Amino acid sequence: MTAAKPEILTTLSRGMAVFEHLVNAGPATAKQLAAERGLSLGVCYHVLRTLEADGYVVRGEGGRYALGPHGFALGRGLQRHSEIAPELSVILTRLFNATGETAFIAEWTGGAVLLRHFLTSTHTLSVGGLEVGYTGDMHARASCKSILAHLPVEQVETLFAGVKLTRLTPRTVTDLDGLLMELARVRSQGYAVDEEEFAEGMRCVSAPYFAPDGTPAGSFTVSAPTERFTRTRPQLVAAVGEAASLASSLLASGRLRAPAAVHEAARAAGDRKETA
């Protein structure tokens with residue numbers, strides 16, 4: 001029996017697509033938006049009138065539409081959700097300044113590794129698709145593997161049960177057994193390396209930081225083009241290790257609190273042990 005396809009609101013989908021285009025590309029006319037999004041001009045005008053009535057867009061000079069007050073308010077709200085603790089921000093900035101490379105901080109949410117913030121180097125190629133809030137491709141990202149390595153094997157197996165490990169580059173590990181072997185190696189050496197597994201030409205190194213109970217709370221990562229990464233690898237490994245150690249010390253001292261999701265995951269793990 002074929003499962004029924006979930007119903008979707010096509011108008012809402014079109015409206016979000018138009019709004020997203022204005023966010024990413026800036027002001028545009030209805031004609032330009034219709035062409036970019038594959039909409040008829042009539043449908044595009046209907047979407048824009050709706051967004052304008054709700055304050056998400058405004059119509060300016062020359063018929064060009066731009067973000068309205070509610071659109072900017074939505075952006076500020078999303079930014080507040082992605083803010084990190086000032087102490088972690090200082091550590092991330094310190095890591096960025098020490099390495100001169102793009103630096104990331106990720107957070108373990110109890111079910112995924114969430115990219116929380118990053119500082120981009122002016123002399124580093126950007127890695128496409130990595131934005132604040134990204135949680136995908138955990139099998140191929142050093143920031144994720146450094147955290148996953150310190151979770152119970154059973155939990156990792158549950159996380160990846162039925163999940164296809166997508167081959168992003170020729171170097172990507174695409175089977176669970178291979179990933180588990182790599183995580184064991186990461187756990188032993190204390191840091192994870194992405195050897196062009198997420199994006200060709202780029203490598204990353206990541207170290208985890210821990211809540212007082214030993215549960216991984218997040219990770220610090222730096223990325224660099226392969227040639228420069230190979231040349232400076234020892235320094236980059238040391239730098240992410242220092243950043244992670246500082247964050248762990250802050251958590252242990254009580255001056256910084258682990259995310260609520262980390263505590264919930266720790267409690268769940270404890271419950272599983274008692275039940276076993």
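User: Which helix holds Met-16?

Analyst: Met-16 lies in helix H1. The model is predicted.

User: Why is Met-16 called partly exposed?

Analyst: Its relative accessible area is 49%. Buried means under 20%, and exposed means over 50%. The value of 49% falls in between, so Met-16 counts as partly exposed.

User: What makes the nonpolar surface patch, and what lets Met-16 belong to it?

Analyst: Leu-9, Leu-12 and Met-16 make a nonpolar surface patch of about 340 Å². Patch residues need over 30% relative accessible area. Met-16 has 49%, so that condition is met.

User: Where does helix H1 lie relative to the strands?

Analyst: H1, residues 10-25, lies across S1, S2 and S3. Against S3, H1 runs at about 85 degrees.

User: In what order do these strands stand, and what is the sense of their pairing?

Analyst: The order is S1-S3-S2, in an open sheet with antiparallel pairing. S1 (28-29) and S2 (57-59) each have a single partner strand, so both stand at the edges, with one side left without a neighbour in the sheet.

User: Why do S1 and S3 count as a pair?

Analyst: Pairing requires at least two bridges. S1 and S3 (residues 64-67) have 2 bridges, in the antiparallel sense, so they qualify. Within this part of the sheet, Thr-29 stands opposite Arg-64 in S3.

User: How many salt bridges does a search of the whole structure find?

Analyst: The search finds 9.

User: Why is the contact of Glu-242 with Arg-94 called a salt bridge?

Analyst: The closest N and O atoms are 3.1 Å apart. The cut-off is 4 Å, so the pair qualifies. Glu-242 lies in helix H9 (residues 226-253) and Arg-94 in helix H5 (residues 86-99), so this bridge ties together parts that are 148 residues apart in sequence.

User: Are Glu-242 and Arg-94 buried or exposed, or what lies in between?

Analyst: Glu-242 has a relative accessible area of 41% and is partly exposed. Arg-94, at 44%, is also partly exposed.

User: What makes Arg-116 and Glu-107 a salt bridge, and why are these residues called buried?

Analyst: Their side chains meet at 2.6 Å, N to O. That is within 4 Å, so the bridge counts. Arg-116 has 10% relative accessibility, and Glu-107 has 15%. Buried means under 20%, so both residues are buried.

User: What about Lys-145 and Glu-197?

Analyst: Lys-145 forms a salt bridge with Glu-197, with the closest N and O atoms 2.5 Å apart. Lys-145 lies in helix H6 (residues 142-148), while Glu-197 lies in the loop between strand S6 (192-195) and strand S7 (202-210), so the pair ties together parts that are 52 residues apart in sequence. Both residues are buried.

User: Which residues do salt bridges with shared partners join into one network?

Analyst: That network holds Glu-195, Glu-196, Arg-203 and Arg-233.

User: Why is Leu-151 called buried?

Analyst: Leu-151 has 8% relative accessibility. Leu-151 lies in the loop between H6 and helix H7 (153-160).

User: Which residues are in contact with Leu-151, leaving aside neighbours within four places in sequence?

Analyst: Trp-108, Val-156, Leu-159 and Pro-216 are in contact with Leu-151. Pro-216 is 65 residues from Leu-151 along the chain, with their C-alpha atoms separated by 7.6 Å.

Note on methods. Residues are numbered from 1 along each chain as its sequence is written. This is a predicted model: local features need pLDDT of at least 70, side-chain atom pairs count only at pLDDT 80 or more; totals for chains, interfaces and linings use all residues. Side-chain values use heavy atoms; hydrogens and water are left out. Helices (H or I, at least four residues) and strands (E, at least two) are DSSP runs, numbered from the N terminus. Contact means heavy atoms within 4.5 Å. Axes are lines fitted to C-alpha atoms, for helices over the stretch in contact, and angles run from 0 to 180 degrees between N-to-C directions. Patches are made of residues with over 30% relative accessible area and no salt bridge: like charges are joined within 9 Å, nonpolar side chains (Val, Leu, Ile, Met, Phe, Trp, Tyr) within 5 Å. Accessible areas come from the Shrake-Rupley method with a 1.4 Å probe; for residues, only the protein chains shown count as cover. Buried means under 20% relative accessible area, exposed over 50%, partly exposed in between (1.4 Å probe, protein chains only).
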